[in-house]
Amino acid sequence: MERIQTINASRIDWCCNDYGITREALAKKINISFTTLNKVMAGEDGLTFSQLRKMADLFGRGTLFFLEPGQVNEMKIHTPQFRTLSNQKPEITPQLKKMIRSVEQQREVFIELRDELDHEEITRFAPPLLNGLGISEAARVVRAWLRLTDCNDFSSYRQAIEAHGILVFRSNGYNGQWQISKGNPIIGFSLYDPICPVIMVKKQDSDSRQTFTLIHELGHLLLHQISSIDDEGDMHSSEAYEQEANAFTGHLLVPDIFLLSIDDRKRPAMVSEFDNWLEQQRKTWGVSGEAILRRLMDVGRLNSSEYNAYRQWKQEQFSLEMGTGGTRQYRCREPKHIFGDVFVRTVLDALSSHRITLTKASRYLDNLTIKDLHKLEQYYAGI
């Protein structure tokens with residue numbers, strides 16, 4: 001079998017360091033012997049195209065990356081947004097780094113297809129003016145900008161945000177390129193860009209928790225105009241930007257006027273009964289009991305000891321209720337759940353107008369099989 005001899009060994013070493021694995025671990029992952037890899041690194045041997053592609057897929061690079069001469073220029077390889085996230089959380093796992101790069105690549109695909117199709121119905125990002133506004137007033141302005149109603153869920157918040165030129169991705173619940181593992185503390189990140197920002201939300205155990213993460217990341221984009229990566233601790237952080245993003249989220253999801261519908265006289269003595277007490281509001285507003293209680297605490301209607309007791313009880317419940325996930329009966333619709341309606345429609349429109357091939361459409365849509373891609377087309381045709 002023909003082997004490629006012009007492999008740039010320094011780029012393999014750079015990727016190993018960036019990904020955080022040894023040469024020996026790399027050899028195992030691409031199913032070659034450590035001795036063979038060492039010969040490649042010494043320029044004495046080469047890799048088959050299949051082996052090179054496995055290595056490229058592992059590191060999230062193109063195969064040509066390893067054939068280019070010269071050292072890696074990190075300023076060109078890593079975008080400013082990627083470097084921002086890496087600086088905020090130096091402990092980001094290699095898998096999450098790869099996902100961040102994949103999100104950036106998907107954004108590039110979307111912008112290219114959007115501009116080529118020139119769809120008038122795809123709104124360009126034009127954020128509201130928030131300079132000089134307090135947090136509660138900024139949340140009121142953004143809520144009006146998003147045209148939110150009094151009844152929402154994660155899907156409606158996502159749709160409202162996507163309608164203003166921001167891509168919203170959500171990680172997949174199944175193992176693969178688009179999963180943020182349950183053991184990873186990161187629950188979301190945002191990539192600021194004046195043309196097309198992106199928000200990635202980790203799939204969590206409830207839509208309301210995902211909604212809080214979504215609006216928190218939106219706060220970073222609109223209030224601070226920065227890229228950000230957040231874990232569960234940032235949702236309760238005292239750091240200035242995180243505090244502002246959390247306050248913004250609370251005011252946007254639960255405006256002061258919403259709180260008037262809550263009767264403090266009916267508040268139960270046991271924190272385990274708080275969710276039942278707030279059931280109507282939780283379902284109507286599409287938020288968690290914790291988000292409502294935080295707002296009640298902020299306005300002085302709930303003491304911090306009750307709020308913290310509820311949080312501790314809720315965390316215990318989450319640990320007990322963690323499920324194993326469902327079936328993949330509707331594999332063809334997973335790209336919609338991951339990348340959002342706007343992204344998927346743009347790819348399908350490009351395919352139907354013969355701007356891209358079936359192969360490219362499949363690659364852009366989580367590597368759907370051609371059969372599932374046609375099912376997805378039929379699904380959208382029936383909407």
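Predicted model: local features only at pLDDT ≥ 70, side-chain atom pairs only at ≥ 80, totals over all residues.
1. Four strands form an open sheet with mixed pairing, and their order is S1-S3-S2-S4. Strand S1 (167–170) and strand S4 (228–231) take the edge positions; each has a single partner strand, so one side of each is left without a neighbour in the sheet. On average, neighbouring strands of this sheet are turned by 10 degrees against each other, with direction ignored.

2. The pairing of S1. In general, the strands of a sheet pair through backbone hydrogen bonds, in either a parallel or an antiparallel sense. Here, the pairing between S1 and strand S3 (residues 198–201) is parallel and runs over four bridges. Within that pairing, Val168 has Ile199 of S3 as its bridge partner.

3. The helix on the sheet. Helix H7 (residues 94–117) packs on the sheet and touches S1, strand S2 (186–191), S3 and S4. The direction of H7 makes about 35 degrees with that of S2.

4. The second largest pocket. Helix H7 also takes part in the lining of this pocket, to which it gives twelve residues, the largest share. The pocket holds about 1200 Å³ of space and is lined by 37 residues. Nearest its centre lie Gly60, Lys98, Ser102, Gln105 and Gln177. Besides H7, the elements that give two or more residues to the lining are helix H4 (49–59) and helix H19 (358–364).

5. Glu290. Is this residue, Glu290, buried or exposed? Glu290 is buried, because its relative accessible area is 15% and the limit for that class is under 20%. The residue belongs to helix H15 (residues 289–298). Leaving aside residues up to four places away in sequence, Glu290 touches His236, Tyr307, Tyr310 and Arg311. A reader inspecting the side chain of Glu290 may wish to view it together with these contacts.

6. The cysteines. A disulfide is a covalent bond between the sulfur atoms of two cysteines. How many disulfides does a search of the whole structure find? The search finds zero. Two cysteines may be set side by side with regard to accessibility. Cys151 is exposed, with a relative accessible area of 52%, whereas Cys196 is buried, with a value of 0%.

Methods. Residues numbered from 1 in each chain as written. Heavy atoms only, no water. Pairing = 2+ DSSP bridges. Axes fitted to C-alpha atoms, helices over the stretch in contact; angles between N-to-C directions. Contact = heavy atoms within 4.5 Å. Buried < 20%, exposed > 50% of the residue type's maximum accessible area, 1.4 Å probe, protein only. Disulfide = S-S within 2.5 Å. 1 Å grid on protein atoms, 1.4 Å probe; cavity = no way out; pocket = protein on both sides within 12 Å on 5 of 7 lines; lining within 4 Å. Points joined across faces, edges and corners; volume = space filled by probe spheres on them.
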